[in-house]
Number of protein chains: 4
Amino acid sequence: MRYNFMNDYNECAHERILEAIAAANREQDDSYGLDTRSEHARALIHAQLGGAQSDVHFLVGGTQTNLTIIAASIRPYQGVVCAESGHINVHETGAIEATGHKVIALPSADGKIRAEQIARCVAAHYADSTAEHMVQPGMVYLSQPTEVGTVYSLRELEEIRRVCDRYGMPLYIDGARLGDSFAAEGADVFLPELARLSSAFSIGGTKMGALFGEALVINDPALKKDFRYHMKQRGGMLAKGRLLGIQFETLFLDGLYEEIGRHAVAQAQRIAAGVKARGYALLTDSPTNQVFPILPRALLQPLANEFGYAFWQRYDETSDVVRFCTSWATPPELVDALLDAIPAKA
Amino acid sequence: MRYNFMNDYNECAHERILEAIAAANREQDDSYGLDTRSEHARALIHAQLGGAQSDVHFLVGGTQTNLTIIAASIRPYQGVVCAESGHINVHETGAIEATGHKVIALPSADGKIRAEQIARCVAAHYADSTAEHMVQPGMVYLSQPTEVGTVYSLRELEEIRRVCDRYGMPLYIDGARLGDSFAAEGADVFLPELARLSSAFSIGGTKMGALFGEALVINDPALKKDFRYHMKQRGGMLAKGRLLGIQFETLFLDGLYEEIGRHAVAQAQRIAAGVKARGYALLTDSPTNQVFPILPRALLQPLANEFGYAFWQRYDETSDVVRFCTSWATPPELVDALLDAIPAKA
Amino acid sequence: MRYNFMNDYNECAHERILEAIAAANREQDDSYGLDTRSEHARALIHAQLGGAQSDVHFLVGGTQTNLTIIAASIRPYQGVVCAESGHINVHETGAIEATGHKVIALPSADGKIRAEQIARCVAAHYADSTAEHMVQPGMVYLSQPTEVGTVYSLRELEEIRRVCDRYGMPLYIDGARLGDSFAAEGADVFLPELARLSSAFSIGGTKMGALFGEALVINDPALKKDFRYHMKQRGGMLAKGRLLGIQFETLFLDGLYEEIGRHAVAQAQRIAAGVKARGYALLTDSPTNQVFPILPRALLQPLANEFGYAFWQRYDETSDVVRFCTSWATPPELVDALLDAIPAKA
Amino acid sequence: MRYNFMNDYNECAHERILEAIAAANREQDDSYGLDTRSEHARALIHAQLGGAQSDVHFLVGGTQTNLTIIAASIRPYQGVVCAESGHINVHETGAIEATGHKVIALPSADGKIRAEQIARCVAAHYADSTAEHMVQPGMVYLSQPTEVGTVYSLRELEEIRRVCDRYGMPLYIDGARLGDSFAAEGADVFLPELARLSSAFSIGGTKMGALFGEALVINDPALKKDFRYHMKQRGGMLAKGRLLGIQFETLFLDGLYEEIGRHAVAQAQRIAAGVKARGYALLTDSPTNQVFPILPRALLQPLANEFGYAFWQRYDETSDVVRFCTSWATPPELVDALLDAIPAKA
């Protein structure tokens, strides 16, 4: 195979990250995230939050980050509202339920849920005379970008925040691919907006060029207390926490995080444009690093010998939707090669 | 108010039950379900199972029965498949999730789910290359009758059982109103069929004339081991377990359980027939003790001064769906009075 | 057997309770604790709390009451401090752990834990530089009377309360046999003191002459919010909640609750005095309805044909400690008969 | 500070590990542990198990490994037996309880529990007539070496295994520092013995020179099924699983794992010998990489400016117990320097 576009974690890590770890290798430091490098990384992130007095923690992976902040934020009888296609609803093997909480899934065509949809769901709960017999919506979970590459606008987030405020619900935004949303055309939600509008959000590392790791930014003072206990209990506190510190230091020191997003998104959008130019439609209009073309099965089968992609869903008798995913590591010349391998629609 | 048709637990208990408790009041007996009366009640139920070698336990309430048997039957990463309208999905405040398990809800128009629907859901799980990232369907939950009064036929249950067998999933049937299903016209599922086709099922007491309590019949030998530990842990083991024993003894000694079902269903069907005769439609064709007529709001408001009912859902500009529920205690003459209070459709 | 002193739930219920239920049998009422009888029972209890603005809930059983209030009061990383012999630590099949929380057991010779012992445990936690790696003591659990019949004095409770205040920990008191503590000689802790000093406490019904049921009094405003959701989720909300209402109404209307405690304690203390008069020692000096004599095995074996008792522990080569337990139902003449059957020590 | 002996994770990773990651950086591979490097690492470990047909999984950290295998192995009403000082009982913030299970702690003076102690605990459970009201001992947890550096002998493990077999309990051995036990003087428990005697055991990476990660070896066929679902649910499945694969490949390719253990233990034993030669006692006789000398406070305070150590416990009026911990990274000349800084006892 010439290149695998299956996902954005098929390579290890951006070379600057590996170099930084190697350079620090024998420096002794404190453990469990209390080290100087994590302190520095926290300060670097903090400086980009537009003045918010947030806490920043580094956790090992995305599922852990999600389950830890959600379980820390809601009461035993509460659930978390999210899109049907939300990662916590579909692809975390019931990690949220394993902490005791229902995921309240709302229908979504494009991976996003809307303010009025959330408001309707929550209002219906409180209006019901048997509300106490039902799970109370206690939190809202969004992903930015979503699982299908779409992006919430500033206005959408502001509206959702207002609904959350009305009902006293924290708003958590899963940013596993956050840097890709920053690079989307027309993007108007960046770190300061996230710090202002969300109760907590994550800054994904794993899918953004780190070896592994997610930064969790907690903005709501009510969610800050004793959070390190939660992290330890859920297995999310790394002994050599400095590894997370060094990685996020590197990502946030000279704009590397944004650079990685720009590269990945640029390559994905080249694929999207090329596919469209060849006469094929896309399932969704994703402005980030995932592209979902609808391609004939007759084309896909031979293509698979040269380029990896993810099967997404059957489209019709002759076509499937597939996903091409790009990253910091995607060589532009292999995007060219991929497009060369896709003939124009007959 | 002359009579409240709101639900089937607005009175205490069938008088024969109260008399039996009073008669046994000062008899000393063992505790926690190891008493002679529970032994006897178990034997009486056992004798009606068509020869199945089942275990019978008595628990305090329906939510507890459901959460205890489900949590005892599946592995941490498994979920329980049920109808969207299933009691465990809607009206138990996330009790199943609180034990760590996802409820996998399937759409349903009439409160029932179908064999091929379950098969499709489970097959899709195993066919997915990322199955390990998703909750595994580990059990099927049905209610008989369902939350909207419908009843599974023998053939439907046999088909569901085959799907369960194919995938090694236990089948649990919540019989909170089980006796009402026995009295439905055309009923072909009784205790022996339930013992043969389900892995476990409950025989509801609370809604069938007992003060409280559910009998849980465990048919699948794999689910029997140490079940009393589960009951104790979940708070479902009554200190004075004899109270449950005496009640189920009374219900199963001279056919009282069936008699209660027949009475409740007869009164409900009289309401259904009367409402239809007056020109009004029913939302669903429930053959049991719940009736869901569509009535004009103009009629419902004055009716509420005389007769209680449950609001079910808005139907259109001028009409609502309401629920009338009958029980062992419903006086036939008050059913007459109710019908007298409903004028024929203009 | 002439009489079983095994425990205080070998009979059903005080006759006045059965009569009250029978009298109300066909009265229709609301469900799930929103009925008029529960309202009235709440008011009766409320009136005896010395003016505290407490919430009163009725739950089905003791294990449920304990697990529901504890899980509702502490955060995921917190545990509950209790005596090694505490009911939640020993006899609830890990019900607390099943809600996700560690029971932090402190050594105790007499079933009680002391203020300075709790203070030491909590201070040690916060003094440890790895505190975040350890379960945080989040609540204190006491039983009044304890599992071995001893009673906390007002001064002891005040001291414990001060420790709880210092560390922001709720104090929960399990009163499964609360009425027996009121009847203890020298008792100085009654409902007003419990309402003032505890964050929540339970008033046991099951062991105090009710068929079943516990009243939970929540004094701390921080623990009141949405408590009925917790109850429903844990299976502790009874459909025919009126049954709990009627029982506690009866117990608290004309002083029946105290009367039952006085009767049980008087009979137990007669056993204690009689046993001592015959030359035998008691394991602990319990002033309530449980007596723990040390008796020769040679005496115990024939005694068991006539009178039931609980084996407690082996004492030495020739003697065992056993427990005699009395209740509302214990006939004084059978206490005489028991003592007649115990010969004086040779 | 010249060197920090605080713990064995103060540096990053053995240089060969960093080099291996760097060398593989741009190689595309599968994710979530299904990559070629994890396959190879599994094969390398497998080849050293003495022929056992074990499954090998790689997880991110120790707490996660412990909670995942324990929660996967026992039933909801069961608990895990371990030493009072066991890591899961003390230093994982209640991670086991958060999965619903009680930790049943047995007293231990040297970090180990004995076969007959376990047998007594389990036998007492089954002998109790109220066993169903108590948590059932469902699994045994040991650490090798223990938290205080001691090591189980082959004979001790065989005896414990026999107890486990008698009661059908899985035996899990936490090998966070496993390689250090292999290097202990007189060691007679190696990988084949662990594979034969335990149901599952972990091979620690974090404390043995890896960046992070633990290998979990599952020997008992009953515990193997669907284990990857458990891993994903608990957040222990790394997206770039190859990172774990490459690390364990490196550790197990040319005997690096044993080499690291030998180095660490040699340095620690030099400290132990040096301290004893200077006239000071050790708290325990640890043959591994942790040393616990009892030193005068007057000596410890100035020492802290040059060398880091962990405070362990107060010993008497003038002395404390401290811990010196060595690793792959400990320079022998700094062990010399440490000993030079400790004057002989007056």
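Predicted model: local features only at pLDDT ≥ 70, side-chain atom pairs only at ≥ 80, totals over all residues.
Modeller: Local features need pLDDT of at least 70 and side-chain atom pairs count only at pLDDT 80 or more, whereas totals for chains, interfaces and linings use all residues. Residues are numbered from 1 along each chain as its sequence is written, while chains are lettered from A and ligands numbered from 1 in the order in which they are written.

Biologist: Why is D:R270 called partly exposed?

Modeller: A residue is buried if 20 or more other C-beta atoms lie within 10 Å of its own, exposed if 12 or fewer, and partly exposed in between. D:R270 has 18 C-beta neighbours inside 10 Å, and therefore counts as partly exposed; this residue lies in helix α12 (residues 256-277) of chain D.

Biologist: What makes chain A as compact as a globular protein of its length?

Modeller: Chain A has 14 helices and 13 strands. Its radius of gyration, 21 Å, is close to the 20 Å that the globule rule gives for 346 residues, so chain A is as compact as a globular protein of that length; the radius is taken over C-alpha atoms, and the rule is 2.2 Å times the number of residues to the power 0.38. Buried residues make up 57% of the 346 residues in chain A.

Biologist: What is the handedness of the crossing of α2(A) and α11(A)?

Modeller: A crossing is left-handed if the near helix is turned anticlockwise from the far one by less than a right angle, and right-handed if clockwise; that of α2(A) and α11(A) is left-handed. The axes of α2 (residues 36-46) and α11 (residues 242-253) of chain A come within 7 Å and cross at roughly 35 degrees, axes being lines fitted to C-alpha atoms over the stretch in contact, with angles from 0 to 180 degrees between N-to-C directions. Among the residues making this contact are A:A41 and A:L44 of α2(A) and A:F248 and A:F252 of α11(A).

How values were computed. Helix = DSSP H or I, 4+ residues; strand = E, 2+ residues; numbered from the N terminus. Contact = placed C-beta atoms within 7 Å.
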